[in-house]
Amino acid sequence: MSDNAWLNFNSADDISQSQIDSQDAMEIKSRILDRLDSVLDTFFPEGKVRGQQFVIGDLEGNRGKSLVVELGGSKQGLWTDFATGEGGDIVDLWARVHRFDVQSEFTKIIQDMAVWLGETPAFTNKPKIKSPPKDELGHWSHKWDYHDADGKLIACVYRYDTEEGKEFRPWDVLARKGLAPNPRPLYNQVGIAKATDVILVEGEKCCDALIAHDFTATTAMNGANAPIEKTDWSPLEGKRVLIWPDNDEAGKEYAEKAAQAIAEAGARSIEILHIPTDLPTKWDAADAVESGVDLEQFLKNTEKTSVKTRRFDLNDWLASDLFIGTPKQREWLCEGVFPMAQVSLLAAAGGVGKSFLLAQLAREVAAFNGYRPTAPVLFGGALLTKGAAVYITAEDDAIEMHIRLSALGDVPDKLYVVPLPDAGGTRPLFFPDQNKRIPTTTEFWHELTNQLASIPDLRVVIFDPLQPLCALDFNVPENAQYVCTQLSALASKLHASVIVSHHFSKREAVSPEQAREAIRGTGGLVDGVRMAYALWQPPVDTAKEICSSINEIYSRGSVVFGGVVKANGRANMKVTTYVRDEQSGILVDRSYDIAKKKQSNRADLQELVVAISQAALDGKPYTKTGLNGVWERRFELPNQFRELGKHSLFGMVEQLQLEQRLVAALAPGQSTVKWLDEPNGPVARGEAKFKPGHLSKSSTHPNKP
């Protein structure tokens, strides 16, 4: 390691005070370290990040891992080239890359850093500069550091006093980005960890004012403008919290919302301070300290409102108070299939057609006029509601969605279709928190759900499919439970039906029970939703029979069964039969046509029973096969049976025998049971009388008299 590896910015040997002020040099170096990732990306495009280290082959920027730069901690910016034994800090690295001599050109190095940061180099032969460095807003006037409970720096907030007013800029230390961390930390976590009583105020200035007077205080990042749902309130678990809002409407509103979030975090008690009405607007804790208010007496004597902290209270659920009178009827999106204000799951194997069906559902909801007699039937249930619909697809692009919507008909006004591949790419809604190792929501989730909440009359939100939107392993029960909990909360908040699609595992399914077992991942996913609907393909023979019965041409995948495979409460448990339209590819519900055909077939079966039993009564009984078989004598049957194929006619006879509407009987003098009759007919009773041309009592051949 070189002799100048550890430069001391307070050493006269290293820095000439006539050239540059040591404080300014330290500020510039600190700013460079704040943007260390960008610096290294600029210096070494071929470099890689490995944990908390940046690795590259050498100072020339060749690929490799011999040169290591520390990205965080107390050694941030220090580098070592293990191939040569050289090393130093960020200033030394800057010098080596730009061919400066650290000893003689230190001022030029700092000036070059300042230029990279976008500042005007103004150091040489200048008096000592005491103002902080600039950025596009000028010099920051204040800086607040956010540490975790162990004292590790995790974020910073910079304040700028501009001509337009105050501006605040966050910095995520761990991510090395000029953004607020997700979730946003609370201020003064070291103090919170040691305290029992904590005062929540608006802004770091108020917080520091109280801390200076021996009160444990904290604030959310951005004060009253802090997004409640993006703040980590967990450090307040078990604490007695007093909320001191600014004296304005925004402060009161923020205090109420923060109180609810703190209650959810498990605070021991929560109180909101009522600022006296005779105090100025926007009066806050910092103003109280500045004006010399006796803080202890003020906090003791000022009126407060207690906030309920128990997230669960049995007294809220006394049955005699709640469950009286006529029960409220459940609301449905599709009757008996998809409930309102609940989460439902649609599962199927790949390529079956679930996405097309979901797009059709979203379109129909947005297009429906609300007239029940003409309501479309979707997924086996009548559509019962109308309004806005949002369909979010993580796999299909805009071109594919345009093709599908064109096949479905006109595009209604209240339909939102978001093909994520064309909307900035698919981004996860849920991901594992690397620090706490638990599932959590992403910035995209908060942004999306807030926008969903702003859509008037929203009735359904569809996520298709769920897996690409979750950077979580669904084989872990806790992950599936967390996702279902978040989706359920969203459905309740929107009072809309939330539907997610998911894939089958590789196992085949030929029944509703098998379809449920085939849903990919842990059972926690199915258990966590209100309703699960599945699509599965029948055996080939069954599919061919269905196509034949309704005069459709069979092709692979043309027939699909669908039905509810899990329900909490009343549900439509009928299995729906879909047949794919050859032109559009849409799965069309043909259950009615098939049922109608079956009803027609039942009528034909009954007519066949009548014809066969009448023949037996006339002394001309049929056999299933042979010279007197139904096929051989089909021209004696009613017209609709004369054009049937042999196997079809045999199948009808077998069906009637299975139902015991026809029986095979033994004729007198015969040893073979083969003559067909109804159970109470003469042949069945052993009283057969055969006319010429058929078997008689003394005959041994059916065609001998």
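A366 lies in helix α11, residues 354-367; helices here are DSSP runs of H or I with at least four residues, strands are runs of E with at least two, and both are numbered from the N terminus. Before going further: this is a predicted model, where local features need pLDDT of at least 70 and side-chain atom pairs count only at pLDDT 80 or more, while totals for chains, interfaces and linings use all residues. Residues are numbered from 1 along each chain as its sequence is written, and side-chain values use heavy atoms, with hydrogens and water left out.

Is A366 buried or exposed? A366 is buried, because its relative accessible area is 13%; the cut-offs are under 20% for buried, over 50% for exposed and partly exposed in between, with a 1.4 Å probe and protein chains only. Leaving aside neighbours within four places in sequence, A366 is in contact with G387, A389, P412, K414 and L415, contact meaning heavy atoms within 4.5 Å.

L458 takes us to the next element. Strand β24 (residues 458-464) pairs with strand β25 (residues 497-503) in the parallel sense over four bridges; two strands pair if DSSP finds at least two bridges between them. Within that pair, V460 stands opposite S497 in β25. Both strands belong to an open sheet of nine, in the order β21-β20-β24-β25-β17-β26-β27-β28-β29, with mixed pairing. Its edge strands, each pairing on one side only, are β21 (415-419) and β29 (587-589). On average, neighbouring strands in this sheet are turned by 20 degrees against each other, direction ignored. Axes are lines fitted to C-alpha atoms, for helices over the stretch in contact, and angles run from 0 to 180 degrees between N-to-C directions.

Helix α14 (residues 477-494) lies across β17 (343-348), β24 and β25, and runs at about 160 degrees to β24. In the loop between β24 and α14 we find P465, and the peptide bond from D464 to P465 is cis, with omega near -15 degrees. Another cis peptide bond runs from N182 to P183, with omega near 0 degrees. P183 sits in the loop between β9 (165-172) and α5 (189-194).

A second open sheet has five strands in the order β1-β2-β3-β4-β5, with antiparallel pairing. Here the edge strands are β1 (48-50) and β5 (86-88), each pairing on one side only. Strands β2 (residues 53-56) and β3 (residues 67-70) pair in the antiparallel sense over four bridges, and V55 stands opposite V68 in β3.

Next, two residues with positive phi. F379 is not a glycine, yet its phi is about 55 degrees. F379 lies in the loop between β18 (377-378) and β19 (381-382) and counts as buried because its relative accessibility is 4%. N551, also a residue other than glycine, has phi near 60 degrees. N551 is in the loop between α17 (540-549) and β27 (559-567), and is exposed because its relative accessible area is 72%.

Finally, the whole chain. There are 20 helices and 31 strands, and buried residues make up 47% of the 705 residues. Of the contacts between residues at least 6 apart in sequence, 60% join residues at least 24 apart.
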